[in-house]
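Good morning, and thank you for coming. Please have the sequence and the model in view while I speak.

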Amino acid sequence: MQKPPLKILLAGPRGFCAGVDRAINIVELALRKYGAPVYVRHEIVHNRYVVEALERKGAVFVEELEEVPDGVPVVFSAHGVAKAVFSEADSRELFYLDATCPLVTKVHVDAQRHEREGRQVILIGHAGHPEVIGTMGQLPEGGIVLVETVEQASTVEVDDPGRLSYVTQTTLSVDDTEAIVKALKERFPAIEPPRKEDICYATTNRQAAVKAIAGRCDALAVIGAPYSSNSRRLVEVARAAGCDKAVLVQRAGELDPAWLDGVATLGVTAGASAPEILVEELIDRCRTLFDATVEEVSSIEESVEFSLPRALTA
């Protein structure tokens with residue numbers, strides 16, 4: 001029986017960013033240098049495929065430092081941690097490696113600078129996300145006010161409108177964040193912005209890549225974890241850009257063939273913590289169902305690299 005045709009538009013850039021690559025490399029190098037087990041506080045990145053692959057190599061993932069025994073290395077995830085976590089590790093004399101993405105660290109440094117200069121800090125982000133928890137933990141309790149929506153930006157209470165600043169989570173929707181910032185600036189004209197854009201280059205580029213293909217697609221699949229902020233934002237961006245039929249899947253097996261009924265052109269991308277092998281897996285699945293052709297649509301080349309901790313390279 002002849003398979004129906006399907007054109008796949010493969011968005012580029014997609015998948016792993018430099019911060020995710022660095023974090024995974026830190027765990028793998030630590031396992032190679034110190035041997036198993038290496039403990040990791042929180043998932044190193046938000047992707048079960050990656051986490052399970054590292055577990056098979058000897059990584060042990062925990063949620064809190066109290067679960068880490070003495071005498072073993074521990075890695076802090078790419079999302080960053082509160083200052084209290086470093087203090088706890090130091091008090092226990094644990095050997096730790098910080099895999100926090102340097103772009104998240106930049107947000108932490110900005111928040112601390114604003115506090116030193118006497119400004120209250122508004123953090124634009126999603127409550128409960130590990131990056132938000134880590135960023136809020138850079139200042140004393142109450143030092144950062146979280147704003148998630150335009151509506152909250154329109155009603156948030158601040159100590160002094162003339163001594164105010166904002167920072168943002170790195171994995172937000174560019175368009176949604178612009179709307180929140182606009183609302184804040186309308187209420188607080190003197191609000192101090194970050195010295196440099198907080199939303200990371202990879203988040204921005206992957207959203208732009210989705211916008212570039214969304215209008216040409218009947219449906220669009222984003223590969224990523226349901227708890228991955230940047231992956232969920234890609235689904236939202238696709239819908240806002242004209243592709244109403246957009247879905248988030250972790251693996252190819254989650255893609256229901258019935259969902260592809262009537263689809264002639266399928267867009268495919270991956271969140272910043274999803275490896276390319278999962279993209280290939282999805283394309284292979286489509287080829288079992290369709291006479292599929294693939295067109296790569298790349299909007300920008302990425303060349304960012306981050307250095308590794310000296311303890312692993314010395």
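I will present the salt bridges, and then the nonpolar cores.

This is a predicted model, in which local features need pLDDT of at least 70 and side-chain atom pairs count only at pLDDT 80 or more, while totals for chains, interfaces and linings use all residues. Residues are numbered from 1 along each chain as its sequence is written, and side-chain values use heavy atoms, with hydrogens and water left out.

Let us begin with charge. Side chains of opposite charge can pair when their charged atoms come close. A salt bridge here is a side-chain nitrogen of Lys or Arg within 4 Å of a carboxyl oxygen of Asp or Glu. How many salt bridges does a search of the whole structure find? The search finds 19.

One of them pairs Lys7 with Glu295, with 3.0 Å between the closest N and O atoms. Lys7 belongs to strand β1 (residues 5-12) and Glu295 to strand β12 (residues 291-298), so this pair links distant parts of the chain, 288 residues apart. Helices (H or I, at least four residues) and strands (E, at least two) are DSSP runs, numbered from the N terminus.

For accessibility, buried means under 20% relative accessible area, exposed over 50%, and partly exposed in between, with a 1.4 Å probe and protein chains only. Lys7 is partly exposed at 34%, and Glu295 is partly exposed at 26%.

A further salt bridge joins Asp70 and Arg92, whose closest N and O atoms are 2.8 Å apart. Asp70 sits in the loop between β3 (59-62) and β4 (74-76), and Arg92 in the loop between α3 (83-91) and β5 (96-98), so the pair ties together parts that are 22 residues apart in sequence. Asp70 is exposed at 57%, whereas Arg92 is partly exposed at 27%.

Arg119 and Glu117 also meet in a salt bridge, at 2.0 Å from N to O. Is Arg119 buried or exposed? Arg119 is buried, at 13%, while Glu117 is partly exposed at 34%. Through shared partners, salt bridges join Lys106, Asp110, Arg113, Glu117, Arg119 and Asp198 into one network.

I turn now to the cores. A nonpolar core is a set of buried Ala, Val, Leu, Ile, Met, Phe, Trp, Tyr and Cys residues joined through side-chain atoms within 4.5 Å. The largest has 25 residues, of which Val27, Ile44, Val45 and Val75 touch the most other members. Helix α1 gives the most to this core, with 7 residues. A second, separate core of 23 residues includes Ala219, Leu255, Val263 and Cys286.
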